[in-house]
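Keep the viewer open as you read.

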Amino acid sequence: MTRKILIVDDDQKTRTLLKAYLEKNQYEVRLAHDGAAFMTEFQRFADELSLVILDVMLPDTDGFALCKAVRRKSNVPVIMLTASSDETDRVVGLELGADDYIAKPYSPRELLARIKAIHRRIGIDSSAAPRYYRFSGFTLDTVERTLTDSAGAIVALTGMDYQLLKYFVEHPGDVLDRNVLCEETRGRDAGPLDRSLDVQISKLRLRLNDGGRQPHLIKTVRGAGYVFSADVSAAAA
């Protein structure tokens with residue numbers, strides 16, 4: 001089954017962020033800005049979709065009406081997004097056939113976790129994820145959450161070091177936006193004056209013996225973000 005997700009949200013920034021984040025996690029994403037556009041996309045791709053995400057508040061309809069329309073035609077999993085904290089909205093959505101409900105504000109990381117949980121229940125993403133990532137003499141063990149060097153010695157990592165490194169080795173060669181990296185490690189976007197990510201990357205470079213003026217593992221791409229340039233091999237055992 002495909003990993004194709006259809007998202008309807010009237011906020012362009014939200015749509016753009018979710019599309020970029022989910023595509024970096026190997027999902028194919030279709031977008032709609034209102035109910036009419038959603039139904040056009042849904043009718044076109046209904047048989048290919050593995051999940052739909054519905055914003056409750058839309059300019060021409062609401063997510064509840066769309067959920068009913070989806071359920072008349074398909075059993076595809078549905079996640080609903082709402083800015084309301086009212087329990088009634090959540091109950092109505094679930095009674096209409098939604099599989100999950102997320103209140104705004106939320107992080108893309110939380111949404112991704114919900115998507116993966118639903119996909120596991122329906123048999124998508126059931127293959128074993130790699131346990132080991134090997135690069136430049138290092139081995140990252142994602143079960144033990146440890147990093148060892150070429151001599152087998154443990155390299156000390158903080159929790160943020162681990163999250164950042166894991167995301168890098170999962171996306172080697174990709175230029176990774178600062179906001180995406182901040183979402184992965186802190187659950188929030190980087191502010192225009194926020195240098196905490198840069199400090200964290202400097203620390204991680206030191207742990208990887210990648211300091212100096214010309215780092216060879218974690219490279220800065222000016223105006224774009226960072227890229228992990230090492231050759232990475234992944235293995236389940």
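Lys4, Leu6 and Val8 point one way from strand 1, while Ile5 and Ile7 point the other way, and all are buried. Buried here means under 20% relative accessible area, exposed means over 50%, and partly exposed is anything in between (1.4 Å probe, protein chains only). In a regular strand the side chains alternate between the two faces of the sheet. Strand 1 covers residues 4-8, and five of its five residues are buried, so it is largely enclosed by the rest of the structure.

A word on what you're looking at: this is a predicted model, where local features need pLDDT of at least 70, side-chain atom pairs count only at pLDDT 80 or more, and totals for chains, interfaces and linings use all residues. Residues are numbered from 1 along each chain as its sequence is written, and side-chain values use heavy atoms, with hydrogens and water left out.

**The parallel strands**

Helices (H or I, at least four residues) and strands (E, at least two) are DSSP runs, numbered from the N terminus. Two strands pair if DSSP finds at least two bridges between them. What are the partners of strand 1? One is strand 2 (residues 28-32), paired in the parallel sense over five bridges, with Ile7 standing opposite Leu31. Another is strand 3 (residues 49-55), which runs parallel to strand 1 and is joined to it by five bridges. Within strand 3, Leu49 is the bridge partner of Lys4, and Leu54 is the bridge partner of Val8.

Strand 3 is tucked away too: seven of its seven residues are buried, so it is largely enclosed by the rest of the structure. Strand 3 also pairs with strand 4 (residues 78-82), in the parallel sense over four bridges, and there Ile53 stands opposite Ile79. To get from strand 3 to strand 4 the chain goes through helix 3 (residues 63-73), and this β-α-β crossover is right-handed. Right-handed means that, with the strands pointing away from the viewer, the path from the first strand over the helix to the second runs clockwise. Strand 1, helix 1 (residues 12-24) and strand 2 also form a right-handed β-α-β unit.

Strand 11 and strand 12 (residues 225-228) pair in the antiparallel sense over four bridges, and Lys219 stands opposite Val227 in strand 12. Strands of a sheet pair through backbone hydrogen bonds, either parallel or antiparallel.

**Arg109 and its contacts**

Now click on Arg109, which lies in helix 5 (residues 108-121). Arg109 is partly exposed, with a relative accessible area of 31%. What does Arg109 touch, not counting residues up to four places away in sequence? The list is Tyr21, Gln163, Glu183, Glu184 and Thr185, where contact means heavy atoms within 4.5 Å. Arg109 and Glu183 are 74 residues apart along the chain, yet their C-alpha atoms are separated by 6.6 Å.

Pro105 is found in the loop between strand 5 (100-103) and helix 5.

**The whole protein**

Zooming out, the secondary structure comes to eight helices and 13 strands. The C-alpha trace spans about 60 × 40 × 30 Å along its principal axes. Of the 237 residues, 45% count as buried. Among contacts between residues at least 6 apart in sequence, 58% join residues at least 24 apart.

The accessible surface comes to about 12100 Å², and 48% of it belongs to carbon and sulfur atoms; the areas come from the Shrake-Rupley method with a 1.4 Å probe. As for charge, the protein has 33 positive and 34 negative side chains, and the centres of the two sets lie 5 Å apart. Lys and Arg count as positive and Asp and Glu as negative, while His and the chain ends are not counted.

Methods. Charge placed at Lys NZ, Arg CZ, Asp CG, Glu CD.
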